[in-house]
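Here are my notes on the model, point by point. Have the structure open while you go through them.

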Amino acid sequence: MNLRTALPSKPSTASHTMTSDPNCIFCRIVAGQIPAKKAYEDDEILAFHDIHPWAPVHVLIVPKQHIASMVDVGPEHAGLLGRMMALSPRLMRELGVVNGYRHVINTGRDGLQEVMHLHLHVMGGPRPWLKG
């Protein structure tokens, strides 16, 4: 089954899929206006260590393009999301996580999303963790 035919197309909302939002803390980190401890960077993705980690290793993987949340994801984002997920095992290995890790994407206010810029939490390391 072709992903383009499996997922309904969704019109883009300019406020949610703009290239960058000057009021978004993650866009400002991507732009280098706010420092972050980077774990990975390429043309489309930035991964950095969470400043309030729940686990011994806690990185955030964000698209450089401002996408507010999973609600705003369409078929055109499938490759980007796949790359974000595929990056996580490499990062965890490089950061010494060998016994497993969690992926979390909070979506919207009811889903406890605190920063309205799509981000993937990848958390690992010895238990117990602060949360999760």
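1. A word on naming before we start: helices (H or I, at least four residues) and strands (E, at least two) are DSSP runs, numbered from the N terminus. Residues are numbered from 1 along each chain as its sequence is written. This is a predicted model, in which local features need pLDDT of at least 70, side-chain atom pairs count only at pLDDT 80 or more, and totals for chains, interfaces and linings use all residues, while side-chain values use heavy atoms, with hydrogens and water left out.

2. Overall layout. The protein chain has 4 helices and 5 strands, and the order along the sequence is α-α-α-β-β-β-α-β-β. Of its 132 residues, 40% count as buried (buried is under 20% relative accessible area, exposed over 50%, partly exposed in between, with a 1.4 Å probe and protein chains only). Contact here means heavy atoms within 4.5 Å. Among contacts between residues at least 6 apart in sequence, 60% join residues at least 24 apart.

3. The largest pocket. A pocket is an open set of points on a 1 Å grid over the protein atoms alone, where a 1.4 Å probe fits, with protein on both sides within 12 Å along at least five of seven lines; lining residues have an atom within 4 Å of a point. The largest one has a volume of about 500 Å³, taken as the space filled by probe spheres set on the points, which are joined across faces, edges and corners. Its lining counts 22 residues, and Asp-50, Leu-60, Glu-114, Val-115 and His-121 are the closest to its centre. α3 (25-30), β2 and β3 each supply at least two lining residues, and α3 gives the most, with 3.

4. What is the lining of the largest pocket made of, by class? There are 12 nonpolar, 7 polar and 3 charged residues. Here Ala, Val, Leu, Ile, Met, Phe, Trp, Tyr, Cys and Pro count as nonpolar, Asp, Glu, Lys and Arg as charged, and the others, Gly among them, as polar.

5. Now the histidines. His-119 sits in the loop between β4 (101-104) and β5, and it counts as buried because its relative accessible area is 6%. Its side chain reaches the backbone oxygen of His-117 at 2.6 Å, and a polar contact of 3.4 Å joins the side chains of His-119 and His-121. (A polar contact is a pair of N or O atoms within 3.5 Å; within protein, one must be able to donate a hydrogen and the other to accept it, and residues adjacent in sequence count only if both atoms are side-chain atoms.) Beyond four places in sequence, His-119 touches several residues, including Phe-26, Leu-60 and Gln-113.

6. His-66 is worth a look alongside. It lies in the loop between β3 (57-63) and α4 (78-94) and is buried, because its relative accessibility is 3%. The side chains of His-66 and His-117 make a polar contact at 3.1 Å.

7. Follow that to Cys-27, in helix α3. With a relative accessible area of 3%, Cys-27 is buried. Leaving out residues up to four places away in sequence, Cys-27 touches Ser-20, Asp-21, His-66 and His-117. Ser-20, in the loop between α2 (14-17) and α3, is partly exposed at 40% and is in contact with both Cys-27 and His-66.

8. Cores. A nonpolar core is a set of buried Ala, Val, Leu, Ile, Met, Phe, Trp, Tyr and Cys residues joined through side-chain atoms within 4.5 Å. In the largest, of 18 residues, Ile-45, Ile-61, Met-84, Leu-87 and Leu-91 touch the most other members. β2 (45-49), β3, α4 and β5 (120-124) each supply at least two of its residues, and the largest share, 6 residues, comes from α4. A second, separate core of 8 residues includes Cys-27, Leu-46, Phe-48 and Leu-60.

9. Backbone geometry to check. Most residues other than glycine have a negative phi, and most peptide bonds are trans. Leu-112, in the loop between β4 and β5, has a positive phi near 65°; Leu-112 is exposed, at 63% relative accessible area. A cis peptide bond, with omega about 0°, joins Arg-127 and Pro-128, and Pro-128 lies in the segment after β5.
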